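Trainee: Could you show me how to read aromatic rings in a protein structure? I would like to learn it on a real example.

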Amino acid sequence: MARSTPLNAAHRKLGGRMVDFAGWDMPVQYDGLIQEHERVRTGVGLFDVSHMGEIEFKGPGALEEANRLITNDLAKATDGQALYAGLLNEKGTFVDDVVAYRFSPEHIFICVNASNADKDFAWMASNAKKVKPVNRSNDFAQIAVQGPKAFGVVQRLCKKSLEGVGTYRFTTGEVAGLDCIISRTGYTGEDGFELYCAPDKAEALWYAILEAGKPEGAAPCGLGARDSLRTEMKYALYGNDIDDQHTPLEAGLAWIVKLDKAEFIGKPVLVAQKAAGIPRKLVGFELVDAGIPRSHYGILSNGEKVGEVTSGTMGPSVKKAIGIGYVPTALSAEGSTFHVDIRGRGAAARVVKTPFYKKP
């Protein structure tokens, strides 16, 4: 039985087409993937991301405890800053990718992927030494308001000015009279906010944002558009592009790995891998031939399988068939060519600079 978010009734009322996603009953689309994708690129769209998990470290030593578990460095962040980071195992491969929020040195809040919430909490709890994490996933609903017009819509509902809340910064305050964590984050490549609130307030907040955003054409969007938007940015999706078989260095995420940090789980492996040379890399490519690359399609060089597509789509904004996949490092440079096995047919592809989509 799939789990429901606090917005499930609203999705059904508004005509969302529901599917099972990571054990959750979620809307894949409302009025069409392409319309929803373009809505976020040009205006403002709403996503229910209440299925995401939230884990908290509180008390003296919270910062040090959480920091030992993630690749990025919370010690160098300031209060009110959020960091994208890897949560790794001892092999240096992904347990998950997370966003860590630094409220203070004694209060760290970590947002984790829906499918991994229980696993991540168990991993953190088993590896925490002095400050034990608390799983607060049932205490929050989360709404992502995304697009170039998102700021104006959310600001209209807030008494406090949000001008000082830059990208990957957050604050707390009322949105539509409801207490929220107001985070200038998202996974679409557009400006916007992720708003955390109490589950019983989620529906009121959802409808308040839709009402306030009417002049901008604000409307709900499903998981389909969320996936095409992040693919055009080459943002990694856990379970597709990153997993427990790949390191952040292979995934092109060296920028979230702070090897100068005293310690974090998986660091010794990454130090050794960097010194030895990275054997494979996650690249973005576009098809030169007709077809659409899909997850798990083989990547071929000289007729031999050398890698695999991890994500692929016809990019609604870039109007091209684009994909992401792991290839040997020798094939990873911009301009390198290979073929993608599309149901037995080798379609020519070329490695390109990412993100695929650049703001006009």
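Predicted model: local features only at pLDDT ≥ 70, side-chain atom pairs only at ≥ 80, totals over all residues.

Trainee: What describes a pair of aromatic rings?

Mentor: The distance of the centres and the angle of the planes describe such a pair. In this structure, a search of the whole model finds 13 aromatic pairs. One of them joins Tyr84 and Trp255, with ring centres 5.9 Å apart and planes at 35°. Planes under 30 degrees apart would count as stacked and over 60 as edge-to-face, so this pair is tilted.

Trainee: Which parts of the chain does the pair of Tyr84 and Trp255 tie together?

Mentor: Tyr84 belongs to strand β5, residues 81-88, while Trp255 is in the loop between α7 (223-232) and α8 (267-276). The pair therefore ties together parts that are 171 residues apart in sequence.

Trainee: Is Tyr84 buried or exposed? And is Trp255 buried or exposed?

Mentor: Tyr84 has a relative accessible area of 8%, so it is buried, as that is under 20%. Trp255 has 54% relative accessibility and counts as exposed, because that is over 50%.

Trainee: What does an edge-to-face pair look like here?

Mentor: Take Phe140 and Tyr196: their centres are 6.2 Å apart, with 90° between the planes. Phe140 lies in the loop between β8 (134-135) and β9 (141-146), and Tyr196 in strand β12 (residues 192-197), so this pair links parts 56 residues apart in sequence. Phe140 counts as buried at 12% relative accessibility, and Tyr196 counts as buried at 1%.

Trainee: Which residues do ring pairs link into a cluster?

Mentor: Phe140 and Tyr196 belong to that cluster, together with Tyr101, Phe103, Phe109 and Phe170.

Trainee: Where does a charged end sit over a ring?

Mentor: Look at Arg41, whose charged end sits over the ring of Tyr357, 4.1 Å from the ring centre. Another case is Arg280, which lies over the face of Tyr326 at 5.9 Å from the ring centre.

Trainee: Now for the single residue. What does Glu250 touch?

Mentor: Leaving out residues up to four places away in sequence, Glu250 touches several residues, among them Arg280, Tyr326 and Gln273. The side chains of Glu250 and Gln273 are joined by a polar contact of 2.8 Å. Glu250 is in the loop between α7 and α8, and at 4% relative accessibility this residue counts as buried.

Conventions. Residues numbered from 1 in each chain as written. Heavy atoms only, no water. Phe/Tyr/Trp six-rings, centres within 6.5 Å; stacked < 30°, edge-to-face > 60°. Helix = DSSP H or I, 4+ residues; strand = E, 2+ residues; numbered from the N terminus. Buried < 20%, exposed > 50% of the residue type's maximum accessible area, 1.4 Å probe, protein only. Lys NZ or Arg CZ within 6 Å of the ring centre and 35° of its normal. Polar contact = N/O pair within 3.5 Å; in protein donor to acceptor, adjacent residues only side chain to side chain. Contact = heavy atoms within 4.5 Å.
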